[in-house]
Amino acid sequence: MASTMPNTAGTILRESRNLQGNTMQPVILKQVGKTYQLDSVAVPALIDINLEIRPDCFTVISGPSGSGKTTLLNVIGCIDKPDQGEVLVAGQATMTMKDDDLSDFRARHLGFIFQNFNLMPVLSSYENIEYPLLLTNMPAAERKKRVMMLLDAVGLADRASNRPGQLSGGQRQRVAIARALATSPKLVLADEPTANLDSFTGAAIIALMRRMQREHHVSFIFSSHDPQVQAEADDAIFIRDGRITHIERDINQKEAVA
Ligand SMILES: Nc1ncnc2c1ncn2[C@@H]1O[C@H](COP(=O)(O)OP(=O)(O)OP(=O)(O)O)[C@@H](O)[C@H]1O
Ligand SMILES: [Mg+2]
């Protein structure tokens, strides 16, 4: 699967990235705090987060259940607004953007991959991948070419008309990866993307995402408990009780040197 990417696919992805003037910028969080209010109880989910996430890297956020991983991804992905602090994504201060601008920003710059795939059950693989492109001005012929290229890139050209219910878990996640990359985002956020997969399928999905990151210079930020994801990461951010405890950079390079 991971070795079937044709050269044309890479060329098209790169071309569209260049057309968008896709310069890579770090994700920066400064003194970010987020507290959920549950009835009368305040639940601090993120406390004084100061962080720089390098572009064009595989970054994993690790920590125990309830430590704030999903909240952190949601804040970076402009799904959740922090109560305080500053968040910079693709050079934009997202905290001060209006809701309409945020939706547009998300659609143009970000891709999302979820633990439970979050595909539309009534749509085929083709239609699920096409869906985010319908929100852009891409002409129909170009859209078709792009969806076919993405299906090919994730090894599912022969499953274009299958609905999610007619696919295996690994195949569903491959559709979700193709959908996340459809609009040529600078940044893909993946919340526990291998949690519902067996370790063999999980390894294939990680390899596919790594290849996409290396070939197309997309930044990937994961939350994950999966040692396979951690083993493949460039940088690891450790979070506990809403606070960053430590950050390890260039994990694989260190291993290579050791
Ligand atoms: N919508 C919400 N309302 C109230 N509290 C919430 C909400 N979402 C998350 N929390 C709380 O915020 C904290 C962080 O939750 P979060 O989902 O970010 O953790 P997590 O590290 O992703 O955990 P897991 O590994 O189980 O997915 C937890 O204490 C959680 O109970
Ligand atoms: Mg979570």
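The model is predicted: local features require pLDDT of at least 70, side-chain atom pairs count only at pLDDT 80 or more, and totals for chains, interfaces and linings use all residues. Residues are numbered from 1 along each chain as its sequence is written, while chains are lettered from A and ligands numbered from 1 in the order in which they are written. Helices (H or I, at least four residues) and strands (E, at least two) are DSSP runs, numbered from the N terminus.

**Helix α4 against helix α6**

- Helix α4 (residues 125-134) packs on helix α6 (residues 169-181) at an angle of about 25 degrees, and their axes are 7 Å apart. Axes are lines fitted to C-alpha atoms, for helices over the stretch in contact, and angles run from 0 to 180 degrees between N-to-C directions.
- This angle makes α4 roughly parallel to α6. Angles under 35 degrees count as roughly parallel, over 145 as roughly antiparallel, 65 to 115 as roughly perpendicular, and the rest as oblique.
- The crossing of α4 with α6 is right-handed; a crossing is right-handed if the near helix is turned clockwise from the far one by less than a right angle, and left-handed if anticlockwise.
- On the α4 side, Ser125, Asn128, Ile129, Tyr131 and Pro132 meet Val175, Ala178 and Arg179 of α6. Two residues are in contact if their C-beta atoms, placed from the backbone, lie within 7 Å.
- By class, the contact of α4 with α6 has 5 nonpolar, 2 polar and 1 charged residues. Ala, Val, Leu, Ile, Met, Phe, Trp, Tyr, Cys and Pro count as nonpolar, Asp, Glu, Lys and Arg as charged, and the others, Gly among them, as polar.

- Because 11 of its 13 residues are buried, α6 is largely enclosed by the rest of the structure. A residue is buried if 20 or more other C-beta atoms lie within 10 Å of its own, exposed if 12 or fewer, and partly exposed in between, with C-beta atoms placed from the backbone.
- Among the buried residues of α6 are Gln171, Arg174, Ile177 and Leu181.
- The cover over the buried residues of α6 includes β6 (110-113), α4, α5 (140-153), β7 (187-191) and α7 (199-216).

**Helix α4 against helix α5**

- Helices α4 and α5 pack at an angle of about 125 degrees, with 10 Å between their axes. They are therefore oblique to each other.
- The crossing of α4 and α5 is right-handed. Ser125, Tyr126, Ile129, Glu130 and Leu133 of α4 make this contact with Arg143, Arg146, Val147, Leu150 and Leu151 of α5.
- The residues of the contact of α4 with α5 comprise 6 nonpolar, 1 polar and 3 charged.

- Pro193 lies in the loop between β7 and α7 and counts as buried, with 27 C-beta neighbours inside 10 Å.
- The C-alpha atom of Pro193 is separated by 7.6 Å from that of Gln173, 20 residues apart along the chain. Leaving aside neighbours within four places in sequence, Pro193 is in contact with Ile113, Gln115, Gln173, Ile205 and Phe222.
- Most residues other than glycine have a negative phi. Asn118, in the loop between β6 and α4, has a positive phi of about 50 degrees although it is not a glycine. Asn118 is partly exposed, with 14 other C-beta atoms within 10 Å.
- His217, in the loop between α7 and β8 (219-223), has a positive phi of about 55 degrees and is not a glycine. With 16 C-beta neighbours inside 10 Å, His217 counts as partly exposed.
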